[in-house]
Amino acid sequence: MSKDAILSAIRRGLRRGPLPADQRAMLDGRLATHPRHLIPARSRVPRPEQIALFIRNVEKEFGTVERVPDAASVPGAVADYLAGQNLAPRFVLAPHPELISLPWSDRPMLAFETRRALGDDAVSVQQAYAGIAETGTLMFPSDPARPTTLNLLPETEIAVIRASAIVGPMEEAWDRLRAERAGAEPSGGFMPRNMMFVTGPSRSADIEQTLELGAHGPRRLHVIIVEDDPAALAADMAADHRPEAARTPAAEPGTLATGE
């Protein structure tokens, strides 16, 4: 059924005709300008702090995170994670160019197929389009290179994301998507058919308020962050992340520390 046929059926159900010209112009203007809603200040922080916020929020929602220095380190990180979880070194890989081009042959014990997920797949390795620091959420536009089933069917999902793709609020992730797809082929500027937001493993507490992981999707979510943001990484390495007590110079023998 075409879009016009669907909208006509809705109008008949509401017993009204097409919108007046002024209302249509108002709605078209709103869709074109993408007005911003209230954005919490917690995501308006420097790049290193945004990445740290993203990691904290992923872990708060029962996910795990590993940071690797470059894309070539991803196969090793995948192998180590599967071994640490006592999982078979076998998975289904998203047919994304960045994932396919990784040096998987460096880890010959790993076995994988590049395709969408099936019901009996235990582990998937997916490419995340963006990370949202505000909530620790991963953004997955539906795409032949990012099959949606990889986010739903396997019990364990490993998501690979570049540090440069981590943004502060959700609005910035949408901005990035719109900028990339505006007039681009083959989409012609249209949004993807489906957009999936993943915040931690699937979970539910519907039955007696008991939290159950893996209720409607993966039981485990592991995020591998590829460090490709030199400015953020340099600032992060330069920062002193030790506790305050460790940053305070120790007093010389026989003297009192400052403030005593």
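Biologist: Which strands are included in what covers the buried residues of H6?

Modeller: This is a predicted model. In it, the cover over the buried residues of H6 includes strands E5 (130–132), E6 (137–141), E8 (166–167) and E9 (195–198).

Biologist: Which residues of H6 are buried, and why are they said to line one face of the helix?

Modeller: The buried residues in H6 are Glu171, Ala173, Leu177 and Arg181. Looking down the axis of H6, the buried residues fall within an arc of 160°, so they are said to line one face. In general, an α-helix has 3.6 residues a turn, so residues three or four places apart point the same way.

Biologist: What span is expected of H6, and what does the helix reach?

Modeller: H6 covers residues 170–181, which is 12 residues. The expected span is 16 Å at 1.5 Å a residue, and the distance from the first C-alpha to the last is 17 Å, close to that value.

Biologist: Why is Leu14 called exposed?

Modeller: The relative accessible area of Leu14 is 55%. Exposed means over 50%, so Leu14 is exposed. Leu14 lies in helix H1 (residues 3–14), and together with Ile6, Leu7 and Ile10 makes a nonpolar surface patch of about 350 Å².

Biologist: What makes Arg42 and Glu134 a salt bridge?

Modeller: Their closest N and O atoms are 3.8 Å apart, and the cut-off is within 4 Å, so the pair counts as a salt bridge. Arg42 is in the loop between helix H2 (21–33) and helix H3 (47–60), and Glu134 is in the loop between E5 and E6, so the pair ties together parts that are 92 residues apart in sequence. The structure holds 14 salt bridges.

Biologist: Which residue forms a salt bridge with Arg220?

Modeller: Arg220 pairs with Glu155, the closest N and O atoms being 3.8 Å apart. Arg220 is in strand E12 and Glu155 in the loop between E6 and strand E7 (156–162), 65 residues apart. Both are partly exposed: Arg220 at 22% and Glu155 at 39%.

Biologist: Which residues are linked in a network of salt bridges?

Modeller: Glu98, Arg162 and Asp228 are linked in that way.

Biologist: Why is Pro201 called buried, and where is its place?

Modeller: Its relative accessible area is 2%, and buried means under 20%, so Pro201 is buried. Its place is in the loop between E9 and strand E10 (203–204).

Biologist: What is Pro201 in contact with, leaving aside neighbours within four places in sequence?

Modeller: The contacts of Pro201 are Glu61, Phe62, Gly63, Pro218, Arg219, Arg220 and Leu221. Glu61 is 140 residues from Pro201 along the chain, and their C-alpha atoms are separated by 7.5 Å.

Notes: Residues numbered from 1 in each chain as written. Predicted model: local features only at pLDDT ≥ 70, side-chain atom pairs only at ≥ 80, totals over all residues. Heavy atoms only, no water. Helix = DSSP H or I, 4+ residues; strand = E, 2+ residues; numbered from the N terminus. Expected span 1.5 Å × (residues − 1). Buried < 20%, exposed > 50% of the residue type's maximum accessible area, 1.4 Å probe, protein only. Arc of directions from axis to C-beta. Contact = heavy atoms within 4.5 Å. Patch = residues over 30% accessible without salt bridge, like charges linked within 9 Å, V, L, I, M, F, W, Y side chains within 5 Å. Areas by Shrake-Rupley, 256 points an atom, 1.4 Å probe, with all protein chains shown as cover. Salt bridge = Lys/Arg side-chain N within 4 Å of Asp/Glu carboxyl O.
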